[in-house]
Amino acid sequence: MFDWLLSVAAMTSPPLVLSVGWGVPESDITASYMTSVNNEAIILSTMGVTLVAASGDDGANSRTTCGYAPIFPASSAYFTTVGATNGPQAGRAEVAFQSDLNGGVITSG
């Protein structure tokens, strides 16, 4: 993603809104990578670009991790995070995604 942000920042007229549907648990990437992405996001924001990221189906929790497991770049202060939806892929109406994890419901919409 970092290279993509670099290429957008090099554009003379970048799109004003960029949507990122990809995310990875922060524990799976390095702090230096997150800092690099965040620094590039700051540059893009000075150009008037808004960055939007998917929160992931379980928000800051994970189906395999007990407790807080933030997803990057949704966890970045330089991205606007939006929730996930569910339904159309199975031919049903689109609704905000939610998970029932050990009795606790987490919604992402």
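**View 1. Strands E1 and E3 pair in the parallel sense.** Four bridges link E1 to E3, which spans residues 50–54. The model shown here is predicted.

**View 2. Strands E1, E3 and E5 form an open sheet.** The three strands lie in the order E1-E3-E5, and their pairing is parallel. Which strands stand at the edges? They are E1, covering residues 17–20, and E5. Each of these has a single partner strand, so one of its sides has no neighbour in the sheet. From one strand to the next, the twist averages 25 degrees.

**View 3. A cis peptide bond joins Phe72 and Pro73.** The omega angle of this bond is about 15 degrees. Where is Pro73 found? Pro73 belongs to the loop that runs between strand E4, residues 71–72, and strand E5, residues 80–82.

**View 4. The protein contains two helices and nine strands.** Starting at the N terminus, the order of elements is α-β-β-α-β-β-β-β-β-β-β. Of the 109 residues in the protein, 34% are buried. Among contacts between residues at least 6 apart in sequence, 67% join residues at least 24 apart. The protein has an accessible surface of about 6400 Å². Carbon and sulfur atoms account for 55% of that surface.

Technical notes
Residues are numbered from 1 along each chain as its sequence is written. This is a predicted model: local features need pLDDT of at least 70, side-chain atom pairs count only at pLDDT 80 or more; totals for chains, interfaces and linings use all residues. Side-chain values use heavy atoms; hydrogens and water are left out. Buried means under 20% relative accessible area, exposed over 50%, partly exposed in between (1.4 Å probe, protein chains only). Contact means heavy atoms within 4.5 Å. Accessible areas come from the Shrake-Rupley method with a 1.4 Å probe; for residues, only the protein chains shown count as cover. Two strands pair if DSSP finds at least two bridges between them. Axes are lines fitted to C-alpha atoms, for helices over the stretch in contact, and angles run from 0 to 180 degrees between N-to-C directions.
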